Amino acid sequence: MKSSKGSLLVSGASLMDPNFHRKVLFVVEHDLQGALAVVLNDPLALHPEQLIDLWADHVEKDGFIYRGGPVSANAVIGLAKSLKANEKSLVGSTEVIDLHHSPSDRPDIEVIRLFVGYAGWSAGQLEKELKEGSWFIFKAKESDIFTNNVETLWETVLRRQGGIVSQMAGAPEDLSAN
């Protein structure tokens with residue numbers, strides 16, 4: 001098994017599950033026990049102060065809370081960009097931040113994006129879905145995680161892959177209309 005930790009999972013155009021249709025996920029954990037990811041392009045109409053006090057000043061300017069996925073809607077996951085990469089970094093200087101610690105313990109944190117819930121797969125489940133063609137795995141960029149253009153992220157990631165994959169970005173919502 002090759003870990004996709006720190007990568008993007010991009011839904012194929014035919015994946016119609018409303019939780020993942022035209023979604024881009026960032027994989028924060030993937031090992032033999034399963035995988036965990038957060039949806040990068042599903043903002044909620046909630047502001048960070050409604051969820052957390054401790055780190056609210058570090059949340060991106062004009063930031064929203066994002067629906068990280070359908071699992072555990074009470075869980076809040078923070079992805080943080082620090083001043084420089086470290087051993088916890090997943091891509092660039094981005095890491096999962098423990099929101100229970102004080103911000104004074106991490107003066108290197110520049111900005112945080114918050115996710116409510118997550119997407120999870122049991123052992124072997126993600127690998128099966130990959131073989132079925134439900135997902136593509138692509139290299140993540142830090143700018144994907146902190147983009148201001150979440151409504152076009154799916155198309156943007158597909159287009160930058162080039163070749164036939166990039167043509168999927170222009171697929172209609174309803175593939176039968178193609």
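A: Buried means under 20% relative accessible area, and exposed means over 50%. The model is predicted.

Q: Why is T147 called buried?
A: T147 has a relative accessible area of 13%. The limit for buried is under 20%, so T147 counts as buried.

Q: Where is T147, and which residues does T147 contact beyond its neighbours within four places in sequence?
A: T147 lies in the loop between α2 (142–145) and α3 (153–159). Leaving those neighbours aside, its contacts are R113 and L153.

Q: What makes β1 mostly covered?
A: In strand β1 (residues 7–11), 5 of its 5 residues are buried. In a regular strand the side chains alternate between the two faces of the sheet. One side of β1 holds S7, L9 and S11, the other L8 and V10, and these are all buried, so both faces are covered.

Q: How do you know that β1 pairs with β8 and with β2?
A: Pairing requires at least two bridges between the strands. β1 and β8 (residues 135–139) have 5 bridges, in the antiparallel sense, and S11 stands opposite W135 there. β1 and β2 (residues 24–31) are joined by 3 bridges and also run antiparallel; L9 has L25 as its bridge partner.

Q: Which residues have the most contacts inside the largest nonpolar core?
A: That core has 27 residues, and those with the most contacts inside it are L8, V10, F26, L40 and L158. Elements giving two or more residues to the core include β1, β2 and α3. α3 gives the most, with 4 residues.

Notes: Residues numbered from 1 in each chain as written. Predicted model: local features only at pLDDT ≥ 70, side-chain atom pairs only at ≥ 80, totals over all residues. Heavy atoms only, no water. Buried < 20%, exposed > 50% of the residue type's maximum accessible area, 1.4 Å probe, protein only. Contact = heavy atoms within 4.5 Å. Core = buried A, V, L, I, M, F, W, Y, C linked by side-chain atoms within 4.5 Å.
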